[in-house]
Amino acid sequence: MLVTIDGKKIKVNKKCTILELATKNGIKIPTLCYHPDLRSDGKCGVCVVEVNGKLMTSCNNDISDGMIIQTTNERIIKQRKINAQLVGCNFEDEEEFRKWLKLSNMPDIDELKFKPHASQELDDSSHDIVMDFKNCVLCGRCIQKCRDIQTVNAICYKGRANATVVTKSLGKKLIDTNCVGCGQCSLVCPTNAIREKESYKEIKKLLKDPKKHIIAQTAPSIRVALGEEFGLEAGISVTGQMVSALKKVGFKKVFDTNFGADLTIMEEASELIERIRKNKDLPLITSCCPAWINFIETFYPEYLNHLSSCKSPHQMFGALIKTYYAQKTKINPRDIIVVSIMPCTAKKYESCREEMSVGGIRDVDFVITTRECAKLIKSFNIDLKLEKKMQFDNPMGPGSGGGAIFASSGGVMESAIRTAHYFLTGKEYSAIDFKVLRGNSGFREASIKIGNKTLNLAIIHSLKNARKILEILKKTRHKYHFIEIMACPGGCIGGGGQPKPTSKEIIKKRAKASYEEDKSLEFRQAHKNPNIIKVYMEFLGKPLGKLSKKLLHTKYSDKSKCGL
Amino acid sequence: MQIKRKTNFENFKVAKKLSPEALIKKVEKSGLMGRGGANFPTGLKWKMSRPAKYLICNADESEPGRFKDKFVLDNNPEIVIEGINIAMYALSTKQCFFYLREEFKKYKEKLEKIIKEKSKYKITIVIGAGSYICGEETAILNSIEGKRAETRHKPPYPSERGLYDEKTCVNNIETLARIPLIFEDDFDNELTLFSVSGDVQSPGVYEERQGITLKYLAEKVGAIDPYAIFFGASGGCIPFQQDLILSYKEMEKTGNFFQTGIMFFNNEKSVPDICRSIIQFFNEENCGKCLPCREGNFRLLQLFQVILKRKWTKEEFQIIQDLIDFVPNGSQCGLGKSSTIALKSAIKYFKNEFDKLIE
């Protein structure tokens, strides 16, 4: 096919949309409702171009032979200016809107001529997500995520024409819907109409209190994404700068959740071995992902016995900070505040669960997302890029590479298998990088031989695939031994609390950075981490021991909501 | 009226003597054009859809000023069922959905009786939920599937991927009613049902050839002081001209879009007022999917409500004109693209009326 775009003749072999062709050739067409991972419907009209003299949206129209495309001219600019007027009143504030105009290559406009129209009440009933639809431009990306990719259907359209709104299913409050808090809706919302329930301002206040011992712990997936919020390209790890910035902000200690991930692996690998030995409650399903936990409690409570009873890494770590660390440093655990910086919105609710406290003391007091973390750092006028690199605080020691790869889908499985192999055979697995377990597909299967036993494994991300595998389990419960499930596409690096934009391409880059970190670490298996060995020796005893069970394990309950 | 003729399924028997291919050729040769409004050759549509998994009979008539589908349902539902049978034979289709707008549900029983007694094929009646957009050939698919009545992007056309992603043929009910007539000796492909309303002595449905003049129609229906003519809500408007030829081809030359729903207005009526009703209609009846159509029509309505209290400022009138150009360019479906045709032509032909409303 021969296509002319802005006067340049281009030969094209593969079918693609006008927008894709333009992007490939370095021409920037403004977009609003377009998202590379989602279906394009041409809803917002922002991406109009002129094709053979006719205006049409470029995101959902394919190129054809002989097309003459003009991506900008007076007529298009006029069209976009009116479009900007109609969109402008929906943005959270004018500053955000102006920023979008600039970033997306839209023409600038003078003053906003229209006022936003009637909208729904702000809904902050959920622990994780706030929905403020006065800013909604009805791009429908959130609904595509919630309905098509997560199969949760917590939000939907209501009404038609000018009365069309995005709203919570059946007109309920968000907390009463089936929402699992994964936050994928907030990750794709172009106007922040859907956002995480922020708590960084509260933390900012607490940071001024000298009596409080405030500790930050950062998830493995934060360091490979946070830089994007400060203008760095995706896939650049900013571990050292992040630690330094958080110290400047006022955190007494900055810990690495990788250590918690190592604990999880010790416990979960032991659990796997025990279940295989007893041939009970197989397959074992991972429990690190709180949105997945909400999902199974809501939609498939009959499978709760398959879940690992392990708390998620940051909760384990929190519990240990409030006990072991408190004892060692002689600080009253009531004066310790643990702030988890997570790629996740669902962890906000997780940390409030009753099961996630010991003796009335919560394991984790606050959870903030990567985006909130960036806002917190920026509010101190700190530019992350310029920070000197610093090491994590080291009271319990650094985590292993096995913890680092928790960030990507498949990481928990890989680390658990590294350790389970050692526990079962007394030997390390010959090839440490389990390439068979890595990949981008949301539904991966593999078989691995440990000793004389073959384990059937499955690695799942995004909840539509979780639903798929649970339906398979209904028919053949014994097909698998171990299943890893992450609610967000790509795992935590594609989490609902990660920087915007997040797309498949960006997720790949973040994953690469986290696997590189694993390789660079001295210890790559949780059970080899001397600090982990020390904690068990000094304090916890052994995996699945009495104290471990009390501090590091949890239980689940049926939360299915009848009638849905 | 040919449309009222009782053919008693005799023509279906004749049609079945032909092979489906020959039958489609015959329909192509007859020159029958779709009567849903787009004037697409019926034979060609069948050729493209065959073998179709589904046939849809579209009786979601809801264009303002058009009521000819109702006329067919009142006067000759048998011929529609016969037409569907012929179409299903030609398209090798096993399932037809007969889509009735919600307000037509009273015909369901009558139709089901005819289907039970006469039809050789499975025809299922589907009742809509009262949305104008469901008459659009892709929104009707979503509606039948039980989804939100939004239009789909074309391509793929329903003939390639339609209902439940299968090849589907969507025909208007009048088109299907005319299929059996093709086998009659006096078949005339120009005969069309005109719905006439407004300031006339005898409003109603008239079967006339396309190509008649406006004068002829005005005399026939007893138009009283005709001043402005509106072709439905989406067809545009013109000042009354005696020699205007009513056909798709001729009307295209005027920049308007021919609709067989013709509304006469006398000079006591205000064109901007009529325009406001039209915007109000589209503001309530668009599907809400595309921002240009949804927000554009909403802002247009807001601006047209201004003149109920005061005159427009020059700036406001400029925004109106900008929006009129803007809405069709950014919208995906026929509704969005035609929602401002009437306004555009009204401002062009009745400029003096609008000028009076500007400061």
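This is a predicted model: local features need pLDDT of at least 70, side-chain atom pairs count only at pLDDT 80 or more; totals for chains, interfaces and linings use all residues.
I took helices (H or I, at least four residues) and strands (E, at least two) as DSSP runs, numbered from the N terminus. The buried residues are R141(A), C142(A), I143(A), Q144(A), K145(A), C146(A) and I149(A). After the helix comes T151(A), for which I read a positive phi, near 45°.

For bookkeeping, residues are numbered from 1 along each chain as its sequence is written, with chains lettered from A and ligands numbered from 1 in the order in which they are written. Local features need pLDDT of at least 70 and side-chain atom pairs count only at pLDDT 80 or more, while totals for chains, interfaces and linings use all residues, and side-chain values use heavy atoms, with hydrogens and water left out.

I then looked up the confidence values: the model scores ipTM 0.91 and pTM 0.91, and chain B has a mean pLDDT (the predictor's confidence in each residue, from 0 to 100) of 95, with 100% of its residues at 70 or more.

Next I turned to the contact between the chains, to which chain A gives 32 residues and chain B gives 29 residues. The two chains bury about 2600 Å² between them, 53% of it on carbon and sulfur atoms; this buried area is the accessible area (1.4 Å probe) lost on putting the two parts together, summed over both. I counted two salt bridges between chain A and chain B, a salt bridge being a side-chain nitrogen of Lys or Arg within 4 Å of a carboxyl oxygen of Asp or Glu. In one salt bridge, R160(A) meets E285(B) at 2.8 Å, N to O. On the chain A side that touches chain B, the elements giving two or more residues are strand 4 (54-57), helix 2 (74-88) and strand 7 (155-158), and helix 2 provides the largest share, seven residues.

Over all chains the salt bridge count comes to 73, and I opened several. K280(A) pairs with D281(A), the closest N and O atoms being 3.7 Å apart, and D281(A) is partly exposed at a relative accessible area of 22%. K508(A) and E505(A) meet at 3.6 Å, N to O; both lie in helix 17 (residues 504-520) of chain A, three residues apart, about one turn of the helix. I noted K508(A) as partly exposed at 42% relative accessible area, and E505(A) as partly exposed at 48%.

In chain B, K13(B) and E10(B) form a salt bridge at 3.4 Å, N to O, and because they sit three residues apart in helix 1 (residues 10-17), about one helical turn separates them. E10(B) is partly exposed, with a relative accessible area of 42%. Finally, I traced one network in which salt bridges that share partners join R35(B), K68(B), D69(B), E174(B), R178(B) and E207(B).

Methods
Contact means heavy atoms within 4.5 Å. Buried means under 20% relative accessible area, exposed over 50%, partly exposed in between (1.4 Å probe, protein chains only).
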